[in-house]
Amino acid sequence: MSLLFETTPDGAGRYFDWIIDGLAWTLCLALGAWAIALVVGTLVGVIRTLPGGILPRIGRVYVEVFRNIPLLVQMFFWYFVLPELLPARIGMAIKQMDPPWASFVPALICLGLFTAARIAEQVRAGLQALPRGQAQAANALGFDASAMYRLILLPQAFRIILPTLTNEIMTIFKNTSVALTIGLVELTATAREINENTFRTFEAFGVVTIIYLVIALIAWQVMHRIEQAARLPGAASGKA
Amino acid sequence: MIEIRNVSKFFGAFQVLKDCNASIARGEVVVICGPSGSGKSTFIKTVNGLETIDSGEIVVGNFRLAPGVTNLATLRRTVGMVFQNFELFPHLTVLSNVTIAQTKVLRRPKAEAEEKARALLARVGLSAHLSKHPAQLSGGQQQRVAIARALALDPDVMLFDEPTSALDPEMVNEVLDVMTSLAKQGMTMVCVTHEMGFARGVANRVFFMDGGEIVETADAATFFDDPKSERAKAFLAKILKH
Amino acid sequence: MRVDLAALVSAWPFLMKGLWFTLEITLVGVAGGVIFGSLLAVARLSQNRVLSGFATAYVNLMRSIPLILVIFWVFFLVPWAIGWLTNHGRPVAVGASLTIFTTFVLFEAAYYAEIVRAGFRSISPGQYSACEALGLSKFHAYIYILFPQAIRNVLPILLTQTIILFQDTSLVYVISATDLLGAATKIAQRDGRLVEMYLTVGVIYFVFCYAASQFVKQLQGRLSYGARP
């Protein structure tokens, strides 16, 4: 892996620095999108379980649209199409954003909303897995809807869906690579650039592959700890 | 027909079968009973090799089973087994369940296998259900199909591992009737069961197992009225209270 | 916002060519992926430590890295590998299609392997005993009894993964291949019709995937073995 410590063509540093930059973009995009996805996804998941009215339908449309279009197509929409569809002045303002941010912001919104749709379905499944009596008991005690979800239902639902959320956070790290198509120099893009500069394909892609494996391992460990910490005493575990 | 000599088995450090010895003649019907955890299920599964043994030997007909013997294909053709949970193949029809082992294991031609299957299914009273799937049958019907499936390979010995324990009470008799008629036709049978009526009326001998040992063997008729060992007495007292 | 329908109409045949390639990749990916994935799943269950270790490592590796990275790996390395294998000494040019098909089979197999493995775990352990007791060889037992049940139990998940595969094919954009999205991009760049092309492609993907996911929902309702009420 001596490659890492060689100087880059522009003399400004070593390839190692490129990798660090790429990794930084990957982490920022992943964690930022995860935050958006949790908030929006929980909201949409909750409204899909509401008894009636227009809100559940809006939730359904959201989920169906964001799940049935490939992530890459959605990225292109946010980056290429949206500025054209918005009123001219806003569109121009967006197009004039400086390069890293011009790619980062659309990627962040896109990945956040895309993942939110998947989390919404998981939250919905978790809420629907709870015994009906929970909501009834909460109502009987006088909780209003917001308090009921916040204090009674969601805490239980999240415990149920922690394993699928673990899967989801590992997926979001992988999905950050799609942002390279709209110019974000994240980790995979960095590997490609190093390869183009040095033609040491094996090392360039090898280092980045190992970094992704390490990220996956760390993410899995963190979620595993959270799962254990959140376990209720005496509750049946999934694997008897 | 079956000789069991000094058979022991360990699960890790725990000894589940302790130096078991038994001899079962051709045409005999033996019932094995005992408290749960006594090793009855493990014991019966050693006879057809589903469970390995760590020491001793088992001889079934001409086949010698000992630790390290691996080619069990011939053994499995001589010994048929019926499971507590029936274990029919859910994606196959009733008829296919009974023919598949005939065609794949015995290499019988399809027509011959089907003819035999129909005959056996008629014998257990299920001719009307040949093209149904197991999930469409009641538990008692499924178990009867399972018996037919095992009989289709023309075994010399039939093993029954708690065949009625998973059945609702009203279906127990239809299965016991099939087992009784099988016994009357001279099949060598070893049954792990709690059905004392069957044991008394149909079995020749009873083996009482407790803690991995065959504690007592006696004629079926006398065992229930006059058990010799203390443990057997305690066991019978518990179950006959109902 | 001006949407030019005439441009869309003239571009349609080219888009359909791209769609056809997308479907080809999907088909090869499913067929190859399910077969290879099933072999991996069986390998993981095997007693042979080397075999099960390799299969587990392969599945975990492929599931931890992005598909785009795998596409790059195969794209850059396959020419070298073939050159080395055939003693050329230099990389051998390989058609983009072959590279793409290989990538998707290798990648998706890891995901199908996990699904098939879950399928095997959903079978009651007694089924294995019943096969043994009847004397069925391992080969026969897997082919006729265990595998059909495993697949049937996880069919909806398998199909959902296939829908994901269909969406994943769009990533061949990174090597400038002409799938549906690639075709749309090429037209968009040539004619400047970004909005129409990308919106159209979005709609086409949506229609396919929505219809497919509704079908899977229907299937889930009908997959019991005709159990008694």
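**Exercise 1.** State which ring lies under the charged end of Arg149(B).

Solution. The charged end of Arg149(B) sits over the ring of Phe89(B), 4.6 Å from its centre. The criterion is NZ of Lys or CZ of Arg within 6 Å of the ring centre and within 35 degrees of the ring normal.

The model is predicted: local features need pLDDT of at least 70, side-chain atom pairs count only at pLDDT 80 or more, and totals for chains, interfaces and linings use all residues. Residues are numbered from 1 along each chain as its sequence is written, and side-chain values use heavy atoms, without hydrogens and water.

**Exercise 2.** Classify the pair Phe202(A) and Trp73(C), and locate both residues.

Solution.
- Rings of Phe, Tyr and Trp (its six-membered ring) pair if their centres lie within 6.5 Å; planes under 30 degrees apart are stacked, over 60 edge-to-face, the rest tilted. Over all chains, this rule gives 29 aromatic pairs.
- For Phe202(A) and Trp73(C), the centres are 5.6 Å apart and the planes 75° apart, an edge-to-face pair.
- Phe202(A) lies in helix H9 (residues 201-230) of chain A and Trp73(C) in helix H3 (residues 67-85) of chain C, so the pair joins two chains. Helices are DSSP runs of H or I with at least four residues, strands are runs of E with at least two, and both are numbered from the N terminus.

**Exercise 3.** Are Phe202(A) and Trp73(C) buried or exposed?

Solution. Buried means under 20% relative accessible area, exposed over 50%, partly exposed in between (1.4 Å probe, protein chains only). Phe202(A), at 57%, is exposed; Trp73(C), at 15%, is buried.

Note on methods
Chains lettered and ligands numbered in written order.
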